Amino acid sequence: RVSVHPGSDHCGEIARVRACDISPEDFETAYVNRGMPVIITGLMDEWPAFKSGPRKWSFDFFKKEYGKTICPIDTNGAKEEIPLKEYLDRFELYEKLPSGSPIPYLRTWFFSDDIPDLAKDFDPPQHFHRSDAFKKLPEDLQPPFQWLFFGPRGTESKLHVDVWETDAWLGMLQGVKTFTLFHPAHRKFIERDGNEWADLLHPVDNLKFPNQHSSFAAQADLCEGEVIYIPRRWPHHAVAQSSSISLTLNFAPIIAKSGILRFLKPYVQTRARCQALLGRKLKARDNLMQLCIHGGTIKYGDLTELRGGQTEIQVSEEEAIES
């Protein structure tokens, strides 16, 4: 088993609820509005991606149906693009790497760029999306915050807070992952210098994080068929205890609208202008999409993606955001 070291004097379990026992409205009130993490079971039971059938997402399914798809593999920051089947076939080799070796990881894969049909295999749960501000936008302007993760045992998502401090859910299609979450008020105990986080796969570094023991951590193994809700601003960490496939979507509940708008307004305006200049919908992987999401200045290299001159557009989507 991969050991995780929260380093906290206070470590609790993440509660579990059954989807059939709580309505989307009650779930939003009890968990989303309060920003409380929870694991919910039964949400994926009827998805083609999960239930037994020809579209069930297994390693064999992806090898057979999409094995030739080129995927971006990350090895401790180094990028490599290889066919999906070739990557999946290496899992046994990766799991034999010496302890502490970086493990190649297909993480935050914008699968909708490469295999858009996969979106038909799951239904984003209303427990999370009933008041999602992103869904108020035209489809071609919605943030591309949905990703797939494939990896062997030991692949890790280091401590972080999600993009735009959004809420998120993650469903386990295959395997088991250990999740560790920290209350937002305790972020100061596990982060320093703006973006250096505690390493949970090693014992606490008391020189860098002398107060980590004062943090409050919540931890659980997320198993096949379960979905974890990760509230906005909660730092979190995940490590695979077995070869795994997981799907995650980020969303913007009405309770967090004011915080999200400061990111969403410039994103919508920039993306709409880029798409007008480009003459097509931006792909999630485009350099310009990263500019839209994270802000910044269009550089000369980015301009090679554009064609034609300046195009005047009307960004009426702002009305949708504020409705």
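1. Lys56 lies over the face of Phe50, 4.7 Å from the ring centre. A charge is taken to sit over a ring if NZ of Lys or CZ of Arg is within 6 Å of the ring centre and within 35 degrees of the ring normal.

2. The model is predicted: local features need pLDDT of at least 70, side-chain atom pairs count only at pLDDT 80 or more, and totals for chains, interfaces and linings use all residues. Residues are numbered from 1 along each chain as its sequence is written, and side-chain values use heavy atoms, with hydrogens and water left out.

3. A search of the whole structure finds 28 aromatic pairs (rings of Phe, Tyr and Trp, the last by its six-membered ring, with centres within 6.5 Å; planes under 30 degrees apart are stacked, over 60 edge-to-face, the rest tilted). Among them, Tyr87 and Tyr94 have ring centres 5.9 Å apart and planes at 40 degrees, so this pair is tilted. Tyr87 is buried at 0% relative accessibility (buried means under 20% relative accessible area, with a 1.4 Å probe and protein chains only), and Tyr94 is buried at 8%.

4. The rings of Phe110 and Trp147 are also tilted, because their planes meet at 50 degrees, with centres 6.0 Å apart. Both Phe110 and Trp147 are buried.

5. Strand 15 (residues 236-240) is largely enclosed by the rest of the structure, because 5 of its 5 residues are buried. Strands are DSSP runs (E, at least two residues), numbered from the N terminus. His236, Ala238 and Ala240 cover one side, and His237 and Val239 the other.

6. Strand 15 pairs in the antiparallel sense with strand 8 (residues 156-160) over 3 bridges, and with strand 10 (residues 177-182) over 5 bridges; pairing requires at least two DSSP bridges. Ser157 stands opposite Ala238, and Thr180 opposite His237.

Conventions: Buried < 20%, exposed > 50% of the residue type's maximum accessible area, 1.4 Å probe, protein only. Helix = DSSP H or I, 4+ residues; strand = E, 2+ residues; numbered from the N terminus.
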